[in-house]
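Subject: Structure handover

Hello,

Here is the structure for you to look through. Please open it first, then read the notes below.

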Amino acid sequence: MPSSKPTIFFGEVMLRLSPPNRELLLQSAKLDVWVAGAEANVATGLARLDHATRMVTALPDTPLGDAAVHALRAHGVDVSGVERREGRMGLYFVTPGAGLRATEVIYDRAHSVFADTPSDLWDWDALLAGAGRLHLSGITPALGPNGTDAALTAAAAATRLGVPISFDGNWRGKLWAAWEGRPRETLAKLVSQADILFGNHQDVALLLDRHFSGDGADRRREAAEAAFQAFPQLKLIASTARHVEDSDRHRLAARIDTPDRGFQTDEIAISGIVDRIGGGDSFAAGVLHGLIEAFSLEDVARAGLALTALKHSLPGDASLFTRRDLDAFLQGGLDVRR
């Protein structure tokens, strides 16, 4: 049964367009289309694991907006927090990597309906009523002044109402570079109100404007301890460690840190990668699933790792796997399930 208190997700829902069969962009006159967006990906992944999720966003009142609403609803996401307004749909293009060719992302989301929606549109007292958690990411404030104001306003409302906040760093340098924002100051304000941070030592280094020495797990623990000291509200930091051998084969481990201790899984090899985009969002969904279910620290990390590993086998941005799929993966065995 779904968890009773919904997790609220606030962020832009877009369309992702990618060439088929690992072609270059417009190598042929075809593009595959998926509904995407970091927060929507986590909402979808968590909903597929039978948890109550609600998306808060603004979409154009067009067939493109209709398609996004229908896709979210089809996967079990509550779309009652979606505003429909005049404007354009945010887009982004992904050319999937292959072999030694890296994946490439091109954004086309300037002045989208979400980015241009004023922050005072959102009635957060109503949107957060009965909520179990608010989930934000660093993408929303990177969109421009409206996005920054909207993210800060949402976080302030959740803090005032006693709704815990999870925050995914999701650094997007291309978006921040497009305007004169203050990423370190803005992101630090948001993290200071969160009890869960999805981010690694690089995110913490950006937030604290400092370098962390060492390597591997020791460096990650050093960064986590610095984050807990700087942001006393934080109770848990979740991250992955990825080693890219080529576009088809990665090695991945998951880590959970609390103020008292840390746990890092063994590294697993993910080969035959279909699509890595959205892997971090699937990790976040797996971690939130484990926390809602009151898993042990170790099993929370394993659930996050399992869901992101599964996501690498699936085209598109979101994890569509069920509890049955997750449990089967955790139990091991890659033979045909009959």
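Does Asp 317 count as buried or exposed? Asp 317 counts as buried, because its relative accessibility is 4% and the cut-off for buried is under 20%. Keep in mind that this is a predicted model.

**Salt bridges**

Start with the charged pairs. Side chains of opposite charge can pair when their charged atoms come close. A search of the whole structure finds 24 salt bridges. Here are some of them.

Asp 317 has a partner, Arg 16. In this salt bridge the closest N and O atoms are 2.6 Å apart. The pair links distant parts of the chain. Arg 16 sits in strand β2, while Asp 317 sits in the loop between α11 (297-311) and α12 (323-331). They are 301 residues apart. Arg 16 is buried too, with a relative accessible area of 1%.

Next, look at Arg 133 and Asp 195. They form a salt bridge, with 2.8 Å between the closest N and O atoms. Arg 133 lies in strand β8 (residues 133-137), and Asp 195 lies in the loop between α7 and β10 (196-198), so the pair ties together parts that are 62 residues apart in sequence. Arg 133 is buried, at a relative accessible area of 12%. Asp 195 counts as buried at 17% relative accessibility.

How exposed are the partners in the next pair, Arg 249 and Glu 245? Their side chains meet in a salt bridge of 3.1 Å, N to O. Arg 249 counts as partly exposed, at 35% relative accessibility. Glu 245 also counts as partly exposed, at 39%.

Salt bridges link Arg 221, Glu 225, Arg 255 and Asp 257.

**Cavities**

Now for the empty space. Rolling a probe the size of a water molecule over the atoms shows where empty space is left. How many cavities of 30 Å³ or more does a search of the whole structure find? It finds three.

The largest cavity holds about 60 Å³ of space. Its lining is Phe 167, Gly 169, Trp 171, Leu 187, Val 191, Leu 197, Asp 203, Leu 206 and Leu 207. Two or more lining residues come from each of α7 (183-191) and α8 (201-208). The largest share is from α8, with three residues. By class, the lining has seven nonpolar residues, one polar and one charged.

The second largest cavity holds about 50 Å³. Its lining includes Gly 199, Asn 200, His 201, Val 204, Arg 220 and Ala 223. Arg 255 and Asp 257 are also in this lining, and both belong to the salt-bridge network. Which element gives the largest share of this lining? It is α9, with three residues. The lining divides into four nonpolar, four polar and three charged residues.

At least two lining residues come from each of β7 (104-108), α5 (145-161) and α6 (173-177). The most come from α5, which gives three. By class, nine lining residues are nonpolar, four are polar and four are charged.

**On the surface**

Where is Leu 26? It is in the loop between β2 (14-18) and β3 (32-36). Leu 26 counts as exposed because its relative accessibility is 59%, and the cut-off for exposed is over 50%. With Leu 25 and Ile 106, Leu 26 makes a nonpolar surface patch of about 260 Å².

One more leucine to find is Leu 291, in helix α10 (residues 279-292). Leu 291 counts as partly exposed, at 31% relative accessibility. Leu 291 and Met 55 are 236 residues apart in sequence. In space they are 20 Å apart, C-alpha to C-alpha.

Best wishes

Key: Residues are numbered from 1 along each chain as its sequence is written. This is a predicted model: local features need pLDDT of at least 70, side-chain atom pairs count only at pLDDT 80 or more; totals for chains, interfaces and linings use all residues. Side-chain values use heavy atoms; hydrogens and water are left out. Patches are made of residues with over 30% relative accessible area and no salt bridge: like charges are joined within 9 Å, nonpolar side chains (Val, Leu, Ile, Met, Phe, Trp, Tyr) within 5 Å. Accessible areas come from the Shrake-Rupley method with a 1.4 Å probe; for residues, only the protein chains shown count as cover. A salt bridge is a side-chain nitrogen of Lys or Arg within 4 Å of a carboxyl oxygen of Asp or Glu. Helices (H or I, at least four residues) and strands (E, at least two) are DSSP runs, numbered from the N terminus. Buried means under 20% relative accessible area, exposed over 50%, partly exposed in between (1.4 Å probe, protein chains only). On a 1 Å grid over the protein atoms alone, a cavity is a set of points where a 1.4 Å probe fits but cannot get out, and a pocket is an open set with protein on both sides within 12 Å along at least five of seven lines; lining residues have an atom within 4 Å of a point. Grid points are joined across faces, edges and corners, and a volume is the space filled by probe spheres set on the points. Ala, Val, Leu, Ile, Met, Phe, Trp, Tyr, Cys and Pro count as nonpolar, Asp, Glu, Lys and Arg as charged, and the others, Gly among them, as polar.
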